[in-house]
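Subject: Structure handover

Hello,

Here is the structure I promised to pass on. Please open it and keep it beside you as you read.

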Amino acid sequence: MKIKITGTGSYIPERVISDKHFELHQFLNEDGTPIKQSNEVIIKKFKAITGIEERRYSESHYNTSDLAFFASQKAIENAGIDPETIDYIIFAHNFGDVKFGTIQSDMIPSLASRVKHKLQIKNPKCVAYDLIFGCPGWVEGVLQANAFIKSGMAKRCLVIGAETLSRVVDDHDRDSMIYSDGAGATIVEASDNDSGMLSYETASYTEEEAGFLYYGKSYHPGEDSDTKYIKMYGRKIYEFALSNVPTAMKSCLDKSGIAIEDVKKILIHQANEKMDEAIIDRFYKLYDKTAPANIMPMSIHDLGNSSVATVPTLYDLILQGQIENHEINKGDILIFASVGAGMNINAFVYRY
């Protein structure tokens, strides 16, 4: 028995934040000293590395659970199911609901419970819980849904990835330009045909790697040191990802029995365009191959890095015909892959 994604939905906030938004920011080094380069140069280099020109920020009156609710409604409608028949709601996020203008995380009750409430699901046997797994959270949620369904604990799951990272960034940190808001949701069910998940790989590296992404104080010395923001050691993450993600993807593909020549698309976490390109190139080199053109759809240029939301959002947008020059057809072999805080890595091979 396999599991299959039978419905998809996403919510893309309407508020567009271009690179020009950051021209008047005061960017500082980690020690609080001014960065010597002009903001124009900083932004130009940032765009060249990440590929990000625009990102989306949530409307101020919505929280992460609201974005997730909107995406979930679309996924349920797309799947054509009765929401009362959902056995599990697995909600991957990292910071909970962060009210606009604040920095405090709110996770009680769980965001999954909030989505279930908003969906007006009355069935108490629909179990709702949150999953904190860094950017690979949605992929991990699909793997957990796979386990629940194969074990007989569930027949149908709603797996969500949503985040409002714009509300947990330090405006004085150049990395703040990476992050964005959004939500993606999927209905996952048992499959009785050839389509569905063929293999998976997942791992947590928690020695030195555990601290590559962390909650830290502002780079501005005048800011309250008790107020924390998302921080990262970008170079270490880049090197870690290049060393570990391609081998995890290879292990996953080898377990599926699918030849690399048959892979049609690789949907990878939209973290950094140059990093993603390097990961894909190294993955193909493991097979002594060159990465085919158009193998890796990207949404990061317009949407930024919305953490757990990037992969399910990308998948939904492709299926809706909204990613130019990319489509997924019946029987296509896909690889979903992600890397993020933990450090966590996961992937699965999927036949559409």
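Below are notes on its pockets, cores and salt bridges.

First, the ground rules. This is a predicted model, where local features need pLDDT of at least 70, side-chain atom pairs count only at pLDDT 80 or more, and totals for chains, interfaces and linings use all residues. Residues are numbered from 1 along each chain as its sequence is written, and side-chain values use heavy atoms, with hydrogens and water left out.

**Empty space**

Rolling a probe the size of a water molecule over the atoms shows where empty space is left. The search runs on a 1 Å grid over the protein atoms alone. A cavity is a set of points where a 1.4 Å probe fits but cannot get out. A pocket is an open set with protein on both sides within 12 Å along at least five of seven lines. Lining residues have an atom within 4 Å of a point. Grid points are joined across faces, edges and corners, and a volume is the space filled by probe spheres set on the points.

The largest pocket holds about 1100 Å³. It is lined by 44 residues, and Asp-175, Ile-178, Met-232, Tyr-233 and Gly-234 are the closest to its centre. Helices (H or I, at least four residues) and strands (E, at least two) are DSSP runs, numbered from the N terminus. Helix α1 (39-50) gives the largest share of this lining, 5 residues. By class, the pocket lining has 27 nonpolar, 11 polar and 6 charged residues. Here Ala, Val, Leu, Ile, Met, Phe, Trp, Tyr, Cys and Pro count as nonpolar, Asp, Glu, Lys and Arg as charged, and the others, Gly among them, as polar.

There is 1 cavity of 30 Å³ or more in the whole structure. The largest cavity has a volume of about 70 Å³. Among its 13 lining residues, Ile-12, Asp-181, Leu-303, Ser-306 and Thr-313 are the closest to its centre. Strand β9 gives the most to that lining, with 3 residues. The cavity lining splits into 4 nonpolar, 7 polar and 2 charged residues.

**Nonpolar cores**

A nonpolar core is a set of buried Ala, Val, Leu, Ile, Met, Phe, Trp, Tyr and Cys residues joined through side-chain atoms within 4.5 Å. Buried means under 20% relative accessible area, exposed over 50%, partly exposed in between (1.4 Å probe, protein chains only).

The largest core has 55 residues, of which Met-249, Leu-253, Ile-266 and Phe-283 touch the most other members. Helix α5 gives the most to this core, with 9 residues. A second, separate core of 33 residues includes Ile-3, Ile-5, Tyr-88 and Ile-149.

**Salt bridges**

A salt bridge is a side-chain nitrogen of Lys or Arg within 4 Å of a carboxyl oxygen of Asp or Glu. The count is 13.

Asp-170 and Lys-231 form one, with their closest N and O atoms 2.7 Å apart. This pair links distant parts of the chain, 61 residues apart: Asp-170 sits in the loop between β8 and β9, and Lys-231 in strand β12. Asp-170 is buried, at 2%. Lys-231 is buried too, at 1%. Another network of salt bridges with shared partners joins Asp-97, Asp-106 and Arg-114.

Asp-106 and Arg-114 meet at 2.7 Å, N to O. Asp-106 is partly exposed at 34%, while Arg-114 is buried at 14%.

Best wishes
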